[in-house]
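Trainee: I've got the coordinates loaded and I'd like to learn how to read them feature by feature. Can we go through it together?

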Amino acid sequence: MAEGLIVRSLRDGSLPGEHAPALCLEDSLPSPLASHSHAVFRHLLTSLLSTGTGTAVVLVAFHRSPSFYLSLLSPTFHNSIRLLDCYSDPLAWKPNHHPPPPSHSPQNITLLTNLNHLPHFLSSILHLAKDLGAQGHERVTVAIDSVTHMLRHAPLPSVLQLLTNLRCHEKISSLFWLIHTDLHEPKVISSFEYISTMIASLQPIVQLPDYANANISASITSLEENYSKAKFNLRLKRRNGRVKLLCEELLIEQGSVKFSSVPSVSSVVAQNLIPKVQFNIQLSDKERMDRANVVLPFEHQGNGQNIEIYDGRRSLSESQNDPSSIKIGGLSEQKRSNNNKSEKGEIHYIRDSDDEQPDSDEDPDDDLDI
Amino acid sequence: MATGGGQQERPTRPSSFSRVSSSSFSPASSSSTSTSLPPGVRIGANGAAFVSSGIPDLDRILGGGFLVGSVVMVMEDADAPHHLLLLRNFMSQGIVHGQSVLFAGPTKEPRSFLGTLPSPVVQKEGLKIKHDVSDVQDKEKGLRIAWQYKKYFGEQTAVDSHNRDKKQEFSSDFDLRKPLERQLLNSQNVECISTQDAFDLSKLQNHCLTFVSKLSMKDGINSNAGRIAIQSLCAPQCGYFEKDWDMLSFIRSLRATVQSSNAVAVITFPASVLSNSISKRWQHLADTLLSIRAIPDKDLAKLLTGYQDMLGFLHVHKVAQFNSQVPVILDASTYSLKLQKRKSLVLERLNQAPVEGSSGVSYATSGSCSSSKGSLLDF
């Protein structure tokens with residue numbers, strides 16, 4: 001379900017007047033699936049391309065060579081992807097560089113060497129996006145292989161400005177990137193989370209034990225599990241301001257990624273959010289009406305009928321045969337189940353003793369002679 | 001340290017609206033000076049001057065509104081955009097009262113934010129007529145009329161009938177679905193600045209200084225109050241984001257500027273993108289500190305009533321106080337943001353959901369200090 005949500009959101013793009021949705025895919029070292037996050041990245045890439053003909057992707061490749069990505073995809077998709085090659089020569093070391101003309105599909109790959117100059121970077125991406133748009137793809141998604149690599153070359157505010165500008169641009173319909181959380185300060189990670197609308201992170205299923213106390217040997221074997229599974233946490237920022245949290249299991253099999261929903265873990269309710277909660281003692285209108293309809297266990301209700309109040313001594317059948325008496329629900333455990341909620345409210349009154357005259361307990365001052 | 005100095009200066013604020021003497025509450029003197037107050041400013045407890053925040057509930061919670069000369073900081077939540085609701089109401093209130101407004105935002109076109117400002121809800125005619133009637137009466141009966149009409153206004157501090165129609169105008173209800181009229185926005189009083197491409201805050205600082213000096217330039221005529229609204233001051237995409245100490249000194253200088261003038265500054269900032277120590281410093285610099293929290297979906301439905309209508313939580317950390325050493329102690333510090341009839345923003349106290357009848361156990365929270373999952377409440 002999480003995967004479906006992500007793909008759908010990235011594919012749908014943004015509403016007019018909104019910024020494009022952005023997915024921040026985070027990975028961390030404890031999950032030895034640092035490569036697995038890349039598998040998720042590739043998986044998203046292929047699912048985006050394979051769903052529908054309208055989506056096209058501009059891929060900015062830092063981490064792997066562009067040919068690697070091209071080999072992943074079937075040739076039918078080669079037309080809907082444009083690659084910005086930042087892998088081959090990011091620091092412009094090769095003298096007199098020009099786009100290498102290999103024999104296979106060179107037209108999707110654009111070499112970029114001047115990575116320090118971000119406006120140029122932005123314009124290259126937009127150029128490729130326009131290219132794709134001209135070909136008839138109305139939705140262009142930008143995928144950045146790894147923002148960590150970008151941060152090597154440019155300072156944080158400019159990278160964020162670039163991403164925000166991409167989000168605002170009308171040619172780009174959605175955006176996703178990969179970031180390695182261990183290589184940056186928490187401030188940097190939270191800044192990326194700030195500008196994204198979806199945050200997905202991979203965590204290990206089995207945490208590393210505390211070496212001081214735990215029984216190490218037993219727990220290390222369970223760490224094996226980490227190699228095949230991981231926890232996939234997704235945080236979605238919704239349009240109405242609510243946050244949706246999802247947690248699923250990720251399985252990597254034979255190079256393909258499978259998501260499965262985990263049996264519901266009891267979510268820890270944010271206790272610190274509500275320090276002081278009061279009870280609402282105001283009544284709503286419906287509640288007021290219901291209150292007016294409750295029959296009170298008085299001896300006389302004021303409508304001329306004599307009321308018998310069950311005092312626990314008379315048998316059930318006798319009171320049932322008495323037509324003039326109104327039962328005040330004191331027999332609830334025999335007649336009705338506890339969970340039966342009738343429309344009117346009920347008041348159960350059981351009298352103390354038979355000796356008391358009716359209404360004698362009402363007013364102790366009755367015998368005063370004034 | 002500068003913040004320590006700021007703390008000491010707080011009780012004596014030389015803004016031109018407030019008065020130090022406590023005889024301000026006698027009807028004779030207040031009526032003579034009440035005519036000299038510009039619209040939108042009210043004298044409240046301890047002779048302090050308040051402007052409305054645009055949300056009547058928030059004014060009531062803070063004890064009158066935002067203090068003139070104070071800096072209000074709102075800590076944003078990275079997941080939800082509700083701080084914009086507070087900013088919008090604040091700016092609309094200023095524009096409706098004819099006060100000068102300065103807005104700074106981290107976008108290329110901050111002017112477009114003005115298009116989202118709400119317009120005030122039109123008051124019903126019946127209440128208006130009663131105000132005129134009370135005006136006609138003379139002063140002695142004025143107090144009695146005030147008592148009679150108290151039930152229409154709920155609780156309030158001692159305000160005589162002469163000020164009553166001003167009271168109604170002090171804070172208006174805003175309809176978030178209707179945008180503010182164009183001609184109000186195009187007046188000279190509203191300025192917008194973009195902070196996205198700025199590499200340092202000197203430009204913004206100069207703008208604030210000139211804005212505040214323009215406020216006090218009109219001598220003789222009562223200078224109006226001014227409002228400074230800065231959205232997401234430490235947004236990560238701004239060029240000065242890595243310069244922590246520059247941002248802190250900007251806030252300090254803004255605080256000093258605003259303190260001796262008739263302006264109120266509201267700054268929102270995403271606290272999660274700052275490092276812990278810097279974030280604490282920001283929070284200490286605020287006179288009034290509020291924070292917004294987003295609600296995780298469906299998580300708290302068992303605990304609270306009215307959960308579906310809630311947009312988010314508003315938490316009040318600090319409330320500014322002037323001319324008094326007594327701190328403000330609130331009944332509750334967390335409120336829920338709701339949209340009433342989908343148009344106006346209200347703040348409500350949180351109510352616990354009714355206990356499950358059959359089980360008799362409620363998932364009660366036991367305060368912020370306990371870390372357990374919740375205690376069983378047995379009736």
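Trainee: Where does S119(B) sit?

Mentor: S119(B) is in strand β6 (residues 118-120) of chain B. Helices (H or I, at least four residues) and strands (E, at least two) are DSSP runs, numbered from the N terminus. Before we go on: this is a predicted model, where local features need pLDDT of at least 70, side-chain atom pairs count only at pLDDT 80 or more, and totals for chains, interfaces and linings use all residues. Residues are numbered from 1 along each chain as its sequence is written, chains are lettered from A and ligands numbered from 1 in the order in which they are written, and side-chain values use heavy atoms, with hydrogens and water left out.

Trainee: Is S119(B) buried or exposed?

Mentor: Start with the cut-offs: buried means under 20% relative accessible area, exposed over 50%, partly exposed in between (1.4 Å probe, protein chains only). S119(B) has a relative accessible area of 5%, so it is buried.

Trainee: And which residues does S119(B) touch?

Mentor: A contact means heavy atoms within 4.5 Å. Leaving out residues up to four places away in sequence, S119(B) touches D173(B), F174(B), D175(B), K178(B), P179(B) and L180(B).

Trainee: What does V190(B) look like when read that way?

Mentor: V190(B) belongs to strand β8 (residues 190-194) of chain B, and its 5% relative accessibility makes it buried. With residues up to four places away in sequence set aside, V190(B) is in contact with I95(B), V101(B), R111(B), L114(B), L184(B) and L185(B).

Trainee: What do the totals say for chain B?

Mentor: Of the 379 residues in chain B, 53% are buried. Its secondary structure comes to 13 helices and 17 strands. Take the contacts in chain B between residues at least 6 apart in sequence: 73% of them join residues at least 24 apart.

Trainee: How many aromatic pairs are there?

Mentor: Rings of Phe, Tyr and Trp (its six-membered ring) pair if their centres lie within 6.5 Å; planes under 30 degrees apart count as stacked, over 60 as edge-to-face and the rest as tilted. Searching the whole structure gives seven such pairs over all chains. One of them is F103(B) with F113(B), a stacked pair at 4.8 Å centre to centre with 15° between the planes. F103(B) lies in strand β5 (residues 100-105) of chain B and F113(B) in helix α5 (residues 111-114) of chain B, so the pair ties together parts ten residues apart in sequence. F103(B) is buried at 1% relative accessibility, and F113(B) is buried at 10%.

Trainee: Which charged ends sit over rings?

Mentor: The test is that NZ of Lys or CZ of Arg is within 6 Å of the ring centre and within 35 degrees of the ring normal. The charged end of R64(A) sits over the ring of F68(A), 4.9 Å from its centre. For K187(A), the ring is that of F241(B), and the charged end is 5.2 Å from the centre.

Trainee: What does the side chain of D85(A) contact?

Mentor: A polar contact is a pair of N or O atoms within 3.5 Å; within protein, one must be able to donate a hydrogen and the other to accept it, and residues adjacent in sequence count only if both atoms are side-chain atoms. The D85(A) side chain makes one with the side chain of S88(A), at 2.5 Å. A polar atom of the D85(A) side chain also lies 3.0 Å from the backbone nitrogen of Y87(A). D85(A) is in strand β3 (residues 81-85) of chain A and is buried, at 6% relative accessible area.

Trainee: How do I read strand pairing?

Mentor: Strands of a sheet pair through backbone hydrogen bonds, either parallel or antiparallel. Here, two strands pair if DSSP finds at least two bridges between them. In chain A, β8 (residues 229-237) and β9 (residues 243-253) are antiparallel over nine bridges, with L236(A) partnered by K244(A). Their hairpin has five residues between the strands, and G241(A) takes a positive phi near 95° there. β9(A) also runs antiparallel to strand β10 (residues 256-261) of chain A, joined by six bridges.
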